[in-house]
There are 2 protein chains.
Amino acid sequence: LRPQDVIRKKRDGLSLSREEIDFFIAGVTSGRIADYQVSALLMAIYLNGMNPDEQQALTEAMLNSGNILDFSDIPKPKADKHSTGGVGDKTSIIIAPLVAACDVSVPMISGRGLGHTGGTLDKLEAIPGYRVNLSLTEFKQVLTRVGYAMAGQTAEIAPADKKMYALRDATSTVEAIPLIVASIISKKGAAGLDAMIIDVKVGNGAFMREEPRAHALAHALVSTGNSCGIKTRALLTDMNQPLGGAVGNSLEVEECVLLLRGEANEAAQPVLDLSLELSAHMLMLANVDQTIEAARARLERVLRSGKALECLRSNIEAQGGEPRVCDDPGRFLPLVSETVKVESPRSGFITKVDTTEIGHAIAAIGGGRVRIEDTVDPTVGFTSELKLGDQVRARQTIGTVYCADASAAAEAARRIQAAYHIADEPAAQPLKLVKEIINE
Amino acid sequence: LRPQDVIRKKRDGLSLSREEIDFFIAGVTSGRIADYQVSALLMAIYLNGMNPDEQQALTEAMLNSGNILDFSDIPKPKADKHSTGGVGDKTSIIIAPLVAACDVSVPMISGRGLGHTGGTLDKLEAIPGYRVNLSLTEFKQVLTRVGYAMAGQTAEIAPADKKMYALRDATSTVEAIPLIVASIISKKGAAGLDAMIIDVKVGNGAFMREEPRAHALAHALVSTGNSCGIKTRALLTDMNQPLGGAVGNSLEVEECVLLLRGEANEAAQPVLDLSLELSAHMLMLANVDQTIEAARARLERVLRSGKALECLRSNIEAQGGEPRVCDDPGRFLPLVSETVKVESPRSGFITKVDTTEIGHAIAAIGGGRVRIEDTVDPTVGFTSELKLGDQVRARQTIGTVYCADASAAAEAARRIQAAYHIADEPAAQPLKLVKEIINE
């Protein structure tokens, strides 16, 4: 068997056998197969797809390319959430303490932001001192002590995925369903999960803009996850506007803390609604509750009692961060006072928000990564209290750009202003936050 | 502009602009674009194709990635031949001296064998002392003095093609028409040609097995060649059996010398027929003759007078080789006496020859390259005096394998025996050597 024979087969639209997939992924992991051969196969998979058997074999081969974490001595169900990525999507920071406060262990392996999307690790690093590069031993200690731990993919976890992901980014092969599924499930599976909820974003700020494709991705994730022994469910959720009122790392952490403290403004509410919904499904999948109502009620209790906030505080402390962020986020998070207002150019209704453009505008001025090697400025961001369908007057403030560099801020404000479409009449259909639940 | 943006566009089936193609090829040449990005684009081109404008832009960008040789002080038309490759295809070795003997300058940039196909450079190197790695200065000296020169692609000629070709071989993206066309025409165009004849092989020993695809390749080559200012014509010729009686580097050179000496057996005749036909078209394209009949007559004269043979001798001498090969090839070429006969397993007619399999069988025992980095044993080969349609008796000799390693020879003989299909009835249609002439 030679790498080019496997590439040729996929190029010609044929199905790869488990043996061929195992051979290729072993070669990726060992470095025996050259990067240029890997990227040729990635493009062939992107264009010719994979059937469910290939999907399963690819996922398992990537999962088994590294260590499977063993948390069997933690006497709790293990569950996690994954999001396909969007703008202002910060639910992990709320869900992890909420679910951990309900006695479910949450070993969360997260990622970084790229392009228009943010990443949980970047957000957490906005907390002074917070460390996401935990060793496996540290990760397990935090998980055992706090109930949840948040870290980046280590060299031990699905190394084949790590290599392939870097190549996918550089070769425009990110958005292929078989590759997305294998990447997500191989990482999550390596964390030894019992249950997993997947937030599949759909809309103009998501990787999947159209519902049929998002649905196909959700279905593939659920069926592959279940086949790998993880009870998996997916929610198709709206990403046609930033989730909540804040975009940008410090501002998003602030929004999460305020939500857990019950002090957030109304614009932040969708973040909490979605977090509670995803968490409730996690509790059901983890067999903590048998109905969604019971799960929601349990989550409301740990939220109102402050138990979830205390869980966040313990985690921050355990991972080296400044715990007083939980008391006064505006004081202990790195924020800037330099701001530029984004004004509405006319009167009317917000009928469309080009969400990807907002993500790019903030990334371009340092709030995210244009390239994988960029560093992120946690202070940069954008806030808005307005939503799709809201009425605005000419020159009314749509939102605020935060950035110490005034000319960069002005440039981002200009792009964001153009991303808001204002029309005389509101759009006919109000958007539902959760569009569909996919169980198989 | 970023490499991944160009890749994405082609991935999505869109047309690349000349600016995007120039950017990418400049990056390939400078090494600024990583190999894994190049191979992703190659696969996207393989699967999504290119329109004629993209084809032209790609070819010109690759052509201009290196030097264009200037032979304007040689007061002759410059013409060359290219073959898409087959088994036993040795016409270059006959055509170059034939055409040079007719006062056309032939600056021939050739390639090496790979997989089931042979390469002119490997064949020439069977001649003791023959050097194909000429500097540009040496190449021009030989060309001026002898009338033709044979060399490999130097670092100065179409370096982008050189890089891309190596990647294509390792990533199963060789057989894409836009890439084949750009590779051939960029190399030939860099040699400053006025005219070019292309031998597009079709059949089970060719890269293009089916006539429609071979026709599409021929058409793309002719139209791109003409657009690059080279008068180009293509012949679609049969590759459903080895061309001539010999396969293998020394044996093929021997066959060529014997043909030029008028001493070859009948099995070799198709090599001469095709060489004369291709040469006649070259003379017409180079404006030496106005009719194919006049061109053929001129070629017959230089063949019979021995002028073509003398031209070969001068070239061998000029390129450091043993010129007495022209007098007694059996004595001065490296040949082995160890042989294994291939016998017909039954009586009947030869209805099919799996030509690719013969090429692979000889390559596998050292007569060619299984991998690009392999070295070639010039003594290894196969000869046969039988053709498609011939009648054989059970246990009659079909041909002979030449190889110093007896067990390797036996293995090749076994494979070649299986490649000959013998049936009770002959196949209905006799094969035409030249199937079609493509002028545009």
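**Notes on a predicted two-chain model**

1. Let's start with the overall tally: over all chains, the structure holds 62 salt bridges. A salt bridge here is a side-chain nitrogen of Lys or Arg within 4 Å of a carboxyl oxygen of Asp or Glu. Before going on, keep in mind that this is a predicted model, where local features need pLDDT of at least 70, side-chain atom pairs count only at pLDDT 80 or more, and totals for chains, interfaces and linings use all residues. As for bookkeeping, residues are numbered from 1 along each chain as its sequence is written, chains are lettered from A and ligands numbered from 1 in the order in which they are written, and side-chain values use heavy atoms, with hydrogens and water left out.

2. How do the two chains relate? A rotation of 180° with 0.0 Å of shift along its axis puts chain A on chain B, at an RMSD of 0.0 Å; that is the relation of a two-fold axis. The superposition is by least squares on the C-alpha atoms of residues with pLDDT of at least 70 in both copies. Of the residues of chain A, Y36(A) comes closest to the rotation axis, its C-alpha being 1.9 Å away. Both copies use the same surface, and 100% of the contact residues of chain A recur in chain B.

3. Now the contact itself. Chain A gives 25 residues to it and chain B gives 25 residues, where contact means heavy atoms within 4.5 Å. Between them the chains bury about 2000 Å², with 58% of that on carbon and sulfur atoms. R11(A), Y36(A) and S172(A) supply 30% of the area that chain A buries against chain B, more than any other three residues. Buried area is the accessible area (1.4 Å probe) that two parts lose on being put together, summed over both.

4. What holds polar atoms together across the contact? Between chain A and chain B there are 13 residue pairs in polar contact, both residues at pLDDT 80 or more. A polar contact is a pair of N or O atoms within 3.5 Å; within protein, one must be able to donate a hydrogen and the other to accept it, and residues adjacent in sequence count only if both atoms are side-chain atoms. On the side of chain A that touches chain B, the elements giving two or more residues are α1 (3-11), α3 (35-48) and α8 (159-170) of chain A. The largest share, 10 residues, comes from α3(A). Helices (H or I, at least four residues) and strands (E, at least two) are DSSP runs, numbered from the N terminus.

5. The count of salt bridges between chain A and chain B is two. R11(A) pairs with E175(B), the closest N and O atoms being 3.0 Å apart. The side chains of E175(A) and R11(B) also meet in a salt bridge, at 3.0 Å from N to O. This pair crosses between chains, from E175(A) in the loop between α8 and α9 (177-190) of chain A to R11(B) in helix α1 (residues 3-11) of chain B. Buried or exposed? E175(A) counts as buried at 17% relative accessibility, and R11(B) counts as buried at 7%. The cut-offs are under 20% relative accessible area for buried, over 50% for exposed, and in between for partly exposed (1.4 Å probe, protein chains only).

6. K140(A) bridges to D73(A), with the closest N and O atoms 3.2 Å apart. The pair links distant parts of the chain, 67 residues apart: K140(A) sits in helix α7 (residues 136-146), and D73(A) in the loop between α4 (52-63) and β1 (79-83) of chain A. K140(A) is partly exposed at 24% relative accessibility, while D73(A) is exposed at 55%.

7. Over in chain B, look at K201(B) and D199(B), whose side chains meet in a salt bridge (2.8 Å, N to O). K201(B) is buried, with a relative accessible area of 0%, and D199(B) is buried at 0% as well.

8. Finally, E54(B) lies in helix α4 (residues 52-63) of chain B and is buried at 2% relative accessibility. Which backbone nitrogens does the side chain of E54(B) reach? One is that of L16(B), at 2.7 Å, and another is that of N51(B), at 2.8 Å. Not counting residues up to four places away in sequence, E54(B) touches K10(B), L14(B), S15(B), L16(B), I21(B) and G49(B).
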